[in-house]
Amino acid sequence: LDDDDVLYIHLSFECDGIYHHAHHDDVMIPYWRELANALVHWSEFRARKGDRVGLILEYIVLPKKVRHILRPAIAVSKIRELGLCSVEPSHELKDFLGDIMLTNKYIRRLDLPNVRIESVEHIEPLTRAIKARLANGHHLDTLVLASCIGGGKLDILKEVSTCKIGSLFLDDNEIETECLAPITELIASNSPLTRLGLCDNNLKDADASSIADALKTNTRLDMIYLDGNELTEVGELALLKSTFDSDLNACSATNHICHVDGKESLCDVNYSLSSRRNRVSKYFTILTASSAENFYNMDILRNIPTPLMPRLLWMTRYCEWECLPYLTDNYLELSGGQRQDKHDAWDYDLNEDNRELNCMFEFVRSWTAPSLFA
């Protein structure tokens with residue numbers, strides 16, 4: 001058992017990076033029955049409260065007679081993660097997967113990399129089962145459809161996007177502009193989706209702009225993976241503007257929860273899982289990076305009511321200080337500025353414990369809030 005109390009059964013025919021499908025032979029039938037019986041026995045008599053099993057099958061041919069053996073066992077076993085990786089025949093797995101997902105209430109993660117889906121008819125039994133599970137209070141946390149989607153991408157993505165899933169990974173599916181709309185609509189709808197994988201597709205700068213627009217109305221997606229796409233600095237800038245802005249008011253309206261992974265220029269924006277920490281970190285970056293001389297831009301603070309100044313100081317403890325140098329660089333990119341010595345002093349030289357004291361000193365020296373100290 002690992003730290004999550006999951007016992008993994010991993011059956012793979014990969015050897016030294018060489019992958020071969022293990023073809024079926026009737027001599028294996030007793031062993032498949034033994035595996036099925038073991039799953040049921042462990043689930044009924046050996047599993048402690050909260051224990052679950054992860055069943056991963058890789059590069060194996062599962063003919064009808066084997067699926068008939070495994071289906072009833074998987075349906076009742078305490079399986080948290082089910083992985084069918086490069087399992088064949090792909091086109092015959094749709095009803096097998098649909099039945100399992102409909103009857104097994106324990107499965108929280110389903111991995112189907114390299115299981116080819118050539119039409120919406122191939123995915124509908126699975127999506128119907130996922131929706132039926134949710135109606136009965138059994139949600140699916142993670143669905144991995146990497147290197148899966150063949151023809152009919154637009155219709156397949158439309159169907160998948162109708163499912164309420166926590167994490168959806170669509171890596172390496174050659175997704176292009178023509179079939180991205182279901183994904184951007186899913187983001188903009190503020191669905192329960194918290195993680196979205198789109199690595200190694202054919203997304204370009206225009207697609208990054210569409211994703212950036214969708215993020216403006218999303219408050220739940222906390223991670224999107226975009227590595228391995230055809231994005232230039234133009235696309236990265238569009239994504240940056242959806243999560244940060246050089247103007248304090250405009251920054252308030254940006255996305256404060258979604259972290260864009262895979263692009264170095266964006267790696268420290270919305271670094272925390274707390275939207276509050278992300279928001280405060282960006283606010284303080286603007287206050288410090290936009291200042292001409294002092295640590296804070298007092299011109300911005302002059303319009304803040306004096307009674308709020310103590311709270312402003314108190315908020316400094318919510319900053320992600322280790323991200324400030326990168327956020328400063330993001331601010332300077334957005335504003336067209338250049339890094340100065342004062343930026344280095346704030347980002348690198350000040351001790352974190354002394355920042356509040358330095359801020360207080362700046363307030364007193366500039367007399368931005370004289371009544372605060374009367």
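**A walk through the sheet and its helices**

Hi everyone, let's start inside the sheet, with strand 5, residues 79-85: this strand is mostly covered, and six of its seven residues are buried. Before going on, please keep in mind that this is a predicted model.

Who sits beside strand 5? Strand 4, residues 52-58, pairs with strand 5 in the parallel sense, over six bridges. If you want a spot to look at on your screen, leucine 57 stands opposite leucine 84 in strand 5.

Now zoom out. Both strands belong to an open sheet of nine strands with parallel pairing, and the order runs 1-4-5-6-7-8-9-10-11. Which strands stand at the edges? They are strand 1, residues 6-12, and strand 11, residues 259-261; each has a single partner strand, so one side of each is left without a neighbour in the sheet. On average, neighbouring strands of this sheet are turned by 5° against each other, ignoring direction.

The structure holds one aromatic pair. Its members are phenylalanine 169 and tyrosine 225, in a tilted arrangement, with 5.9 Å from centre to centre and 40° between the planes. Phenylalanine 169 lies in strand 8 and tyrosine 225 in strand 10, so the pair ties together parts that are 56 residues apart in sequence. Are these two residues buried or exposed? Both phenylalanine 169 and tyrosine 225 are buried.

Next, helix 6, residues 181-188. Its buried residues are Pro182, Ile183, Thr184, Leu186 and Ile187. What covers them? The cover includes helix 5 (153-161) and helix 7 (205-215), together with strand 8 (167-169), strand 9 (195-197) and strand 10 (223-225). After helix 6 comes asparagine 190, whose phi is positive, near 60°.

Threonine 127 has its place in helix 4, residues 120-135. This threonine is buried, with a relative accessible area of 2%. Leaving aside neighbours within four places in sequence, threonine 127 is in contact with Glu159, Val160 and Cys163. Threonine 127 and leucine 102 are 25 residues apart in sequence, and 9.9 Å apart in space, C-alpha to C-alpha.

The other one is glutamate 236, in helix 8, residues 233-243. Is glutamate 236 buried or exposed? With a relative accessible area of 17%, glutamate 236 counts as buried, because the cut-off for buried is under 20%. Not counting residues up to four places away in sequence, glutamate 236 touches Leu231, Lys263, Ser265 and Leu266.

Last stop: a pair of helices. Two packed helices are described by the angle between their axes and the distance between the axes. For helix 10, residues 275-289, and helix 13, residues 324-335, that angle is about 65°, and the axes are 9 Å apart. Their crossing is right-handed. On the helix 10 side, the contact is made by Ser281, Thr285, Ile286 and Ala289; on the helix 13 side, by Leu324, Leu327, Thr328 and Tyr331. By class, this contact has five nonpolar residues, three polar ones and no charged ones.

Note on methods
Residues numbered from 1 in each chain as written. Predicted model: local features only at pLDDT ≥ 70, side-chain atom pairs only at ≥ 80, totals over all residues. Heavy atoms only, no water. Buried < 20%, exposed > 50% of the residue type's maximum accessible area, 1.4 Å probe, protein only. Helix = DSSP H or I, 4+ residues; strand = E, 2+ residues; numbered from the N terminus. Contact = heavy atoms within 4.5 Å. Pairing = 2+ DSSP bridges. Axes fitted to C-alpha atoms, helices over the stretch in contact; angles between N-to-C directions. Phe/Tyr/Trp six-rings, centres within 6.5 Å; stacked < 30°, edge-to-face > 60°. Left-handed = near helix turned anticlockwise from the far one by under 90°. Nonpolar A, V, L, I, M, F, W, Y, C, P; charged D, E, K, R; others polar.
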